[in-house]
Amino acid sequence: MIKRDLGAGRVLEVARPAGARVGLEPSWYDRALADLGLVDGAGGPLVVDGSPADVPVPEDAADAGVRGGGVRLYVPGARLVSTRQVAAVAEAVGHTVAARGMCCVYGDTGLGKTVAVEQALHLLPGRVPVWRAVAGVAPGLPQLRASLCEALGLLSGALPHRAGPASQALTRALAEPGVLFLDDAQRLTPPLLDYLRQLWDAPGCAAALVLCGAGSERALARASALRSRVLTWHQVGRLEPSQVPQTLTLFHPVWAQANPEDLARADEQMARGNFRTWAKITLHVYAARERGPARRVDRELIEQACARLGPYP
């Protein structure tokens, strides 16, 4: 049990969670949580985090719809919105980073898992380094090792192609406090996940590991040694029907005058709380308004936009 003096005679007691890194000084974990300013993500108002212009776009991005971290918003003028689901991921990731543990963020495709994790990493103190890697399609161990070396800035000469030196370099790099974020972790086979486990188990490892992807929890279930070390499991859920009108209004101004009943109908019949689907609907509505600025965003226009998504939205 860790205690922190909050002043005015108040003391906060925090139990060190199972799976946290051992060997930390008693007050480190508590100070880290306080520094991260973690809050309960279950409630609170929605927050607009900025327009696409506020976030740097990679130089090789083909269009303005591509955001940092590979997040695609599809439509000009769209903004990231911190929903309750995003806030809950931020709390889970921040808690895990403070404990230098492992976190698995999972859920169906299109629910905004990567967006939420990127927001969580953005909220970390600036001195906490973040290393981002993406699991390739059907990767082997050399490909995973090269991806990790690239994420950690270890691409010197033939290092990623030499198993022993590359693993040693990764172990040294992960001895520094930071966060390794590995997206599309569902692509990793048990041997690859066990390689991650070996890196994380190395003496002196001070990094946190965040695994994310649709089906990543099932991939980890097949790698029992790594699975048992996961501190935090977090499932990202769909937008609740009551969240849809306010979330869309903040997401893009095209929805400002839309009837909430029309939005609820479209969500029930087509989007079903999937934010990626709503982003595509938003683009089609936006395009229709660009062609005819006088058009109202009514049920007919929304249904026309939904029809463009085909049978597999």
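Me: In β7, which residue is the bridge partner of Ala 133?
Reply: Helices (H or I, at least four residues) and strands (E, at least two) are DSSP runs, numbered from the N terminus. Two strands pair if DSSP finds at least two bridges between them. β6 (residues 130-134) and β7 (residues 178-183) pair in the parallel sense over five bridges. In β7, Ala 133 is bridged to Leu 182.

Me: What kind of model is this?
Reply: Residues are numbered from 1 along each chain as its sequence is written, and side-chain values use heavy atoms, with hydrogens and water left out. Local features need pLDDT of at least 70, side-chain atom pairs count only at pLDDT 80 or more, and totals for chains, interfaces and linings use all residues: this is a predicted model.

Me: Which strands stand at the edges of the sheet?
Reply: Five strands form an open sheet, in the order β6-β7-β8-β5-β9, with parallel pairing. Two of them have a single partner strand each, so one side of each has no neighbour in the sheet. These edge strands are β6 and β9.

Me: Which residues make up the covered face of β6?
Reply: In a regular strand, side chains alternate between the two faces of the sheet. In β6, Val 130, Arg 132 and Val 134 are on the uncovered face. The covered face holds Trp 131 and Ala 133.

Me: In β9, which residue is the bridge partner of Cys 103?
Reply: β5 (residues 102-106) pairs with β9 (residues 232-235) in the parallel sense, over four bridges. On β9, Trp 233 and Gln 235 form the uncovered face, while Thr 232 and His 234 form the covered one. Cys 104 stands opposite Trp 233. Cys 103 has as its bridge partner Thr 232.

Me: At about what angle does α4 run to β6?
Reply: Contact means heavy atoms within 4.5 Å. Axes are lines fitted to C-alpha atoms, for helices over the stretch in contact, and angles run from 0 to 180 degrees between N-to-C directions. α4 lies across β6 and β7. Its angle to β6 is about 150°.

Me: Is Arg 79 buried or partly exposed?
Reply: Arg 79 is found in the loop between β3 (47-50) and β4 (80-82). The backbone oxygen of Leu 250 lies 2.8 Å from a polar atom of the Arg 79 side chain. The relative accessibility of Arg 79 is 26%, so this residue counts as partly exposed.

Me: What distance separates the C-alpha atoms of Arg 79 and Phe 251?
Reply: Along the chain, these two residues are 172 residues apart. Their C-alpha atoms are separated by 5.0 Å.

Me: What share of the residues in the protein chain is buried?
Reply: The chain has twelve helices and nine strands. Of its 313 residues, the buried share is 47%.

How values were computed
Buried < 20%, exposed > 50% of the residue type's maximum accessible area, 1.4 Å probe, protein only. Polar contact = N/O pair within 3.5 Å; in protein donor to acceptor, adjacent residues only side chain to side chain.
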